[in-house]
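Here is a short briefing on one protein structure. Please look over the sequence and the model first, then read the points below.

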Amino acid sequence: MAMVTAYEKRIVRAAPIIRRLSKWRAAIAPLLFLAPALVGLIAFRLLPAGWLVQQSFSGPDGEFAGLDNFEFLFASPNFAKTMQATLTFVVVTVPLQTVVAFGLALLFVENSRVISLLRVLVFLPVLIPSSVAAILWGAAYRPQGLANALLRSVGVSAQPFLASPDQALMSITVMSSWIGCGFWMIFLIGGLKDIPRDLHEAASIDGAGKLSSLWHITVPLMRRPLAFVIVADTVAAFLLFAPIALLTRGGPNGSTQLIMYDVYQQAYFFNDLSLAAAEGLTLMVVMMGVILIQFRLLSREKQQ
């Protein structure tokens, strides 16, 4: 009896300690699950971003240079031409890919064997690495390539495509859209499938046509998926690199000198890390500004 009493007293004394350990375990367990992601975020995002900011305000020997790199950058006509080419590419590519991907999503949202096969065919270019896609399109854009063969078959003369300053950027836009449209289509199909069928059936009973249902029901309810596609596509367009590096290297006459390739050239061709970092930081600020404007416009439409 005396041994049982002593055992109960030990349990009573240990109870607060056990409760504290349980609380610590409950607090630490989520941190342990998040630890790999946090380490990756710090190592591959925050530290490089901090290094980028530090380098952009440094001189060639690592000394503090203030805004000298930015002053040189914004005074350079080459950088102005690079920004103009980059913004032109983004302004043309993002609406084009969004509209085409939305149209494809409307066509391929239903489930049937034929539609599933067509959906897979549209999505297939996404599985091809961008460098391989660039090589394929480079072959198609040659004077005797597939693109000119198709044009000649319908009576149109051969085009210079990548060799022409007027056509090179649009040729890159077509190539990147070949990959991007299928990718963004999948996200928009997911959004379309979330729209209740009852809404379209009720609109049909009320006499609404397909175009009216599309404009008054589908488009408003697709605002969130469309916002995601527009923002993510904008980031992807700003960061396009492989096709430029493989096909045009910024030419002809700087018509495809997009900013990511310019950053690469500054860092690895001219070995000017400080100027490359300043350019990278400028790209990040411009990209954030464009995305904030997009969010502002989309939220304003939602309030209306």
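**Salt bridge, helix packing and selected residues**

There is 1 salt bridge in the structure. The model is a predicted one.

**The salt bridge**

- The partners are Arg197 and Glu110, with their closest N and O atoms 3.3 Å apart.
- This pair connects distant parts of the chain, 87 residues apart. Arg197 belongs to helix H8 (residues 197-205). Glu110 sits in the loop between helix H3 (77-107) and helix H4 (113-123).
- Arg197 has 57% relative accessibility, so Arg197 counts as exposed; the cut-off for exposed is over 50%.
- Glu110 has 39% relative accessibility, so Glu110 counts as partly exposed.

**H3 against H7**

- The axes of H3 and helix H7 (residues 168-193) come within 7 Å and cross at roughly 40°.
- H3 is therefore oblique to H7. Angles under 35 degrees would count as roughly parallel.
- The H3 and H7 crossing is right-handed.
- In this contact of H3 with H7, 19 residues are nonpolar, 8 are polar and none is charged.

**H3 against H10**

- H3 also packs with helix H10 (residues 223-238), at an angle of about 145° and with the axes 9 Å apart.
- The crossing of H3 and H10 is right-handed.
- On the H3 side, the contact residues are Thr86, Leu87, Phe89, Val90, Thr93, Val94, Gln97, Thr98 and Phe102. On the H10 side, they are Leu226, Val229, Ile230, Asp233, Thr234, Ala237 and Phe238.
- The contact of H3 with H10 comprises 10 nonpolar residues, 5 polar residues and 1 charged residue.

**Thr86**

- Thr86 is part of helix H3.
- Its relative accessible area is 1%, so Thr86 is buried; buried means under 20%.
- Leaving out residues up to four places away in sequence, Thr86 touches Phe238, Gln257, Leu258 and Ile259. Phe238 is also listed among the H10 residues that meet H3.

**Leu127**

- Leu127 is located in the loop between H4 and helix H5 (130-140).
- Leu127 is exposed because its relative accessible area is 58%.
- From C-alpha to C-alpha, Leu127 and Phe183 are 9.4 Å apart in space. In sequence, Leu127 and Phe183 are 56 residues apart.

Definitions and conventions: Residues numbered from 1 in each chain as written. Predicted model: local features only at pLDDT ≥ 70, side-chain atom pairs only at ≥ 80, totals over all residues. Heavy atoms only, no water. Salt bridge = Lys/Arg side-chain N within 4 Å of Asp/Glu carboxyl O. Helix = DSSP H or I, 4+ residues; strand = E, 2+ residues; numbered from the N terminus. Buried < 20%, exposed > 50% of the residue type's maximum accessible area, 1.4 Å probe, protein only. Axes fitted to C-alpha atoms, helices over the stretch in contact; angles between N-to-C directions. Parallel < 35°, antiparallel > 145°, perpendicular 65-115°, else oblique. Left-handed = near helix turned anticlockwise from the far one by under 90°. Nonpolar A, V, L, I, M, F, W, Y, C, P; charged D, E, K, R; others polar. Contact = heavy atoms within 4.5 Å.
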